Amino acid sequence: MIEARGLTKYFGEFLAVDNITFAVEPGTVFAILGPNGAGKTTTIRMLTSILTPTSGTAIVAGYDVVKHPAQVRASVGVLTEQHGLYERMKGLEYLDFFGRVYRLPTEIRLKRSRELMERFGLGDALNRRVSEYSKGMKQKLALVRSLLHDPPVLLLDEPTSAMDPQSARLVRDAIVELKYDRRTIILTTHNLTEAQELSNQIAVIRRGRIIAQGDIDTLSQRFVGPPLMELRTVQPLNGFTDELTQLVKIREVYADRVLYETHTPAETNPIIVRHLMNAGIDILTLSRVSQTLEEIYLNIVEEDEKGQGTTV
Amino acid sequence: MSTITSPSHSQIDEKQSSYVKSFAASNSMWQTFSNALIITRREVRDSLRDWRIIVPIVLLTLCFPALANAASAAFINLFEGYGADGRALVESFLPLMPMIVGFFPVSISLVIALETFVGEKERRSIEPLLSTPLTNTELYIGKVLAAMFPPLIAAYLGIGVYLGGLILGEQQWRPALMLVVQILVLTTVQAAVMVTGAVVISSQTTSTRAANLLASVIIIPMSMLVIVESLIMVQPNRRFVLWWIAVGLMIVVVLFVRRGVRIFNREELLGRSVDQINLQWIFRVILDQWRGITPQEREAFVHRGVPIPHSPTIFHWYKRSVFPVFAELRHPLMAIGVAIMGMFAVGWYLSTIYVLPLERKPPTTEIHVLEAWQKALETPFGYYETPLEVAPLPEKAPEPLSVKERFSQAIVAAQPKPIEVESPPWQFSDETLLEQLQELQEFASDNPQLIGVVLGQNVRVLLAAAVLGLLSLGVLSTIIVALPFGILGYIFGNLFAHSINPIPFIVAVIAHGVVEIPAILLAGALILRASMIITKSSTELTVGEAWLRAITDMVKVGIAVVFPLLVVAATLEVLLTPHAVEWALQIGF
């Protein structure tokens with residue numbers, strides 16, 4: 001549904017996006033992570049046919065962003081980095097204006113406006129001026145605007161920034177719902193927990209380049225290392241750790257707790273369990289330590305800074 | 001809980017597909033206009049909700065015309081008190097005010113336009129709009145109309161209130177319908193110039209503050225134009241000129257729209273993010289253009305590392321950097337050529353109306369060239385202005401003169417007055433002329449620095465033309481460059497009318513004109529190109545870069561070609577022209 005090949009954008013002599021390639025299938029949330037100024041917004045703008053790529057191509061909803069800009073923009077719902085609302089208009093007026101621009105018939109645009117506003121908890125604010133909305137309400141109104149014409153592709157730039165936790169949950173639920181409705185969604189965010197929760201695929205972009213790409217497990221394996229296991233026992237481990245060293249790489253050892261790395265947990269863990277049972281040590285828990293996206297992201301950036309970053 | 005997905009979305013992909021495809025077909029003119037009006041309606045409604053726009057519009061629509069009415073009546077009463085013809089005053093003076101009354105609200109259109117274009121960029125509310133399927137043209141038209149409508153309606157209402165006051169009030173004056181139409185047309189095109197100009201300005205900035213500072217580029221010439229229009233308006237028999245001004249303004253609108261449509265695109269609107277002067281970039285662009293490095297060559301160097309070509313010698317530089325500019329000057333040269341020929345024809349035409357009294361012996365009104373040159377050598381930079389003499393008022397009021405007579409007298413009076421000279425006055429006898437030419441030749445031979453005086457004068461005029469041209473889209477520079485040819489047309493027309501042999505005059509012009517005229521033509525074209533570049537459509541360069549490059553071209557070719565030509569022309573004018581004229585007279589032309 002979205003396919004970018006060698007997408008590059010120069011502003012004068014400044015290279016904003018450098019030869020990026022990715023594909024996003026319907027029913028997928030593709031998170032683009034990266035520091036400010038990395039090229040995320042420029043990428044989104046090229047996918048919306050607002051900016052023309054200096055080189056490379058992108059197909060969005062079956063249309064080339066350079067050759068068919070109107071069709072691309074009709075197929076895409078965009079939540080911009082800054083909501084950019086018209087503050088003197090009322091909520092419903094604002095949506096009605098965009099509904100007209102998207103050539104929606106009167107009945108449909110009113111129905112959709114009311115339904116979406118209701119869905120995002122703005123039902124009472126339909127006839128209030130946008131200037132009276134809170135930050136979070138404005139963000140939600142902007143999101144409603146991007147969904148108004150029921151687009152198959154959504155490009156969401158920081159969708160939950162400035163929202164309270166309850167509103168952010170509402171929006172995240174909506175994104176999940178849209179994902180299951182087989183929409184193609186690109187999400188840029190600094191909220192790594194959100195990206196971890198919502199996305200199927202992640203790309204880390206830095207200085208205009210994608211320095212890492214893949215699902216969380218792949219990225220974790222590559223940039224953080226093998227899965228980390230935590231073993232807790234009822235009795236002290238005593239000399240058992242020496243035996244364990246021959247099987248896995250031990251990271252930390254305590255009296256009744258050990259953290260170890262293994263590339264093949266499915267094979268190694270049963271062996272360790274058998275050894276413990278033979279040694280008469282009862283197991284309290286054996287679990288995988290979840291590595292956060294934040295950890296993965298920081299490792300990716302660190303490696304890139306060392307000049308070792310590669311595109312996955 | 002309601003759903004965020006349309007019930008039909010998943011099942012009926014075809015519906016989505018046909019909806020999207022409906023945006024594929026190029027819009028009809030009506031569809032474009034209809035889409036543009038969606039923007040216009042929203043913007044107008046937004047403007048009308050802003051008290052900072054509404055209050056001045058209401059004041060200018062209602063209060064200002066009422067005040068203008070009172071002021072007009074007071075002025076006419078005042079002049080009538082001194083015995084002026086009230087009716088004539090009404091005819092001359094009253095039409096002036098509706099034009100002014102209309103201009104004030106219209107000037108607000110500039111503010112609205114800057115707010116509409118730059119304000120939206122500044123608040124980033126333009127990006128959601130740019131993400132919609134609207135075309136650049138629809139966005140541009142919609143916003144231009146939105147900026148024009150409220151002030152124009154206010155202007156029409158203001159004019160209506162003012163005229164209503166005149167018709168129903170003390171003056172009981174009913175303007176001719178055509179006069180009202182003329183004022184409305186002028187008001188409308190002035191609004192269009194300001195709004196379309198504001199779009200060009202807005203492309204150069206991302207903050208309303210910076211745009212307001214730049215707005216002086218439009219508001220100052222427009223205010224000056226309104227003053228000129230006022231001067232014309234108070235002369236009922238000259239009012240036809242206002243139609244020509246309206247036509248001229250429409251041409252400016254077309255040029256601005258052409259540029260505006262090109263500028264008002266998504267790339268330009270979001271690609272710019274800084275207002276600061278980037279001196280390093282400016283310096284690099286100027287240096288590139290000076291060295292003849294094209295934007296494409298610079299881009300190839302930056303993106304692909306292709307080495308930048310250089311010019312090892314001055315001949316290479318001429319070949320690489322100077323001569324290619326000539327290819328860009330084809331149209332400006334044609335325009336200047338047409339202006340020169342047009343001005344010559346106008347001069348000739350005026351000579352048939354306002355005939356110089358050449359059959360009479362000129363008394364002491366002719367300039368003595370030699371004396372003027374001598375004086376010029378004594379002043380710094382060779383600048384010398386002949387002093388004006390004010391004639392004493394006659395004791396008895398003379399008989400009223402016709403316009404023709406007044407103009408003829410004015411022409412004579414406008415001639416530079418002689419410095420107190422002992423030599424006999426200039427006469428139309430070949431002997432005297434030959435003597436004077438010989439004196440001139442000797443003087444020139446003894447004082448070769450006269451070449452500097454002539455050169456200085458030409459350079460000064462061209463520099464002034466360049467500055468004025470850049471401030472007036474090339475209009476004033478073209479007039480300055482073409483004006484001498486108007487004078488030549490006038491002189492030759494008079495010679496023709498009096499059957500005076502023109503050959504010595506032609507020789508006088510050709511002897512140095514053969515070099516000077518091409519130099520002036522070239523300079524005029526360079527200035528015109530640099531002045532008009534902001535209205536020219538370019539797909540590669542920003543307005544700023546195109547302007548910088550054109551100005552650099554103007555300076556470069558000015559120094560490399562025009563200046564040397566002017567040096568040669570000045571040398572010929574001082575050393576050859578007197579000989580050539582003498583030769584022409586001696587062989588009996």
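## B:Arg42 and its helix

B:Arg42 is found in helix α2 of chain B, which spans residues 29–48. The model is a predicted one. B:Arg42 has a relative accessible area of 4%. That value is under 20%, so B:Arg42 counts as buried. Setting aside residues up to four places away in sequence, B:Arg42 touches A:Tyr86, A:Met89 and A:Phe97. With A:Tyr86 the placement is specific: B:Arg42 lies over the face of A:Tyr86, at 3.3 Å from the ring centre.

B:Arg42 also has a partner in chain B. Its side chain meets that of B:Asp46 in a salt bridge, 3.5 Å from N to O. Both residues lie in helix α2 of chain B. They are four residues apart, about one turn of the helix. B:Asp46 is buried, as is B:Arg42.

## The interface between chains A and B

What area is buried between chain A and chain B? It is about 4700 Å². Carbon and sulfur atoms give 54% of that area. Three residues stand out on the chain A side: A:Tyr86, A:Arg88 and A:Arg103 supply 16% of the area that chain A buries against chain B, more than any other three residues. A:Tyr86 is the residue whose ring face lies under B:Arg42.

In terms of contacts, 51 residues of chain A meet 48 residues of chain B. Between chain A and chain B there are four salt bridges. Eight residue pairs are in polar contact across the two chains, counting those with both residues at pLDDT 80 or more. On the side of chain A that touches chain B, several elements give two or more residues. These are β1 (2–11), α2 (69–75), α3 (91–101), α4 (106–119) and α6 (165–180) of chain A.

A:Arg88 forms a salt bridge with B:Asp50. The closest N and O atoms are 3.4 Å apart. A:Arg88 lies in the loop between β6 (76–79) and α3 of chain A, while B:Asp50 lies in the loop between α2 and α3 (51–81) of chain B, so the pair joins two chains. The two partners differ in accessibility. A:Arg88 is partly exposed at 26% relative accessible area, whereas B:Asp50 is buried at 9%.

Another pair also crosses between chains, from B:Arg49 in the loop between α2 and α3 of chain B to A:Glu93 in helix α3 of chain A. Here the side chains meet in a salt bridge of 2.8 Å, N to O. Is B:Arg49 buried or partly exposed? B:Arg49 is partly exposed, with a relative accessible area of 27%. A:Glu93 has a relative accessible area of 17%. That is under 20%, so A:Glu93 counts as buried.

## A linked network

Over all chains, the count comes to 32 salt bridges. Some of the residues involved are linked into a network. Which residues belong to the network? They are A:Arg88, B:Arg42, B:Glu43, B:Asp46, B:Asp50, B:Arg52, B:Glu120 and B:Lys143. The network therefore includes B:Arg42 and B:Asp46 from helix α2 of chain B, together with the A:Arg88 and B:Asp50 pair that joins two chains.

## Aromatic pairs and clusters

There are 14 aromatic pairs over all chains. One of them is B:Trp317 with B:Tyr318, an edge-to-face pair. The rings are 5.4 Å apart, centre to centre, with 80° between the planes. B:Trp317 counts as buried at 14% relative accessibility. B:Trp317 and B:Tyr318 also belong to one aromatic cluster with B:Trp290, B:Phe323 and B:Phe326.

B:Trp348 and B:Phe496 form a tilted pair, at 5.5 Å centre to centre and 45° between the planes. B:Trp348 lies in helix α16 (residues 330–353) of chain B and B:Phe496 in helix α21 (residues 475–497) of chain B, so the pair ties together parts that are 148 residues apart in sequence. B:Trp348 is partly exposed, with a relative accessible area of 31%. B:Phe496 is exposed at 61%.

## A charge over a ring in chain A

Chain A has a charge placed over a ring as well. The charged end of A:Lys179 sits over the ring of A:Tyr180, 5.9 Å from the ring centre.

Key: Residues are numbered from 1 along each chain as its sequence is written. Chains are lettered from A and ligands numbered from 1 in the order in which they are written. This is a predicted model: local features need pLDDT of at least 70, side-chain atom pairs count only at pLDDT 80 or more; totals for chains, interfaces and linings use all residues. Side-chain values use heavy atoms; hydrogens and water are left out. Rings of Phe, Tyr and Trp (its six-membered ring) pair if their centres lie within 6.5 Å; planes under 30 degrees apart count as stacked, over 60 as edge-to-face and the rest as tilted. Buried means under 20% relative accessible area, exposed over 50%, partly exposed in between (1.4 Å probe, protein chains only). A charge sits over a ring if NZ of Lys or CZ of Arg is within 6 Å of the ring centre and within 35 degrees of the ring normal. Contact means heavy atoms within 4.5 Å. Buried area is the accessible area (1.4 Å probe) that two parts lose on being put together, summed over both. A polar contact is a pair of N or O atoms within 3.5 Å; within protein, one must be able to donate a hydrogen and the other to accept it, and residues adjacent in sequence count only if both atoms are side-chain atoms.
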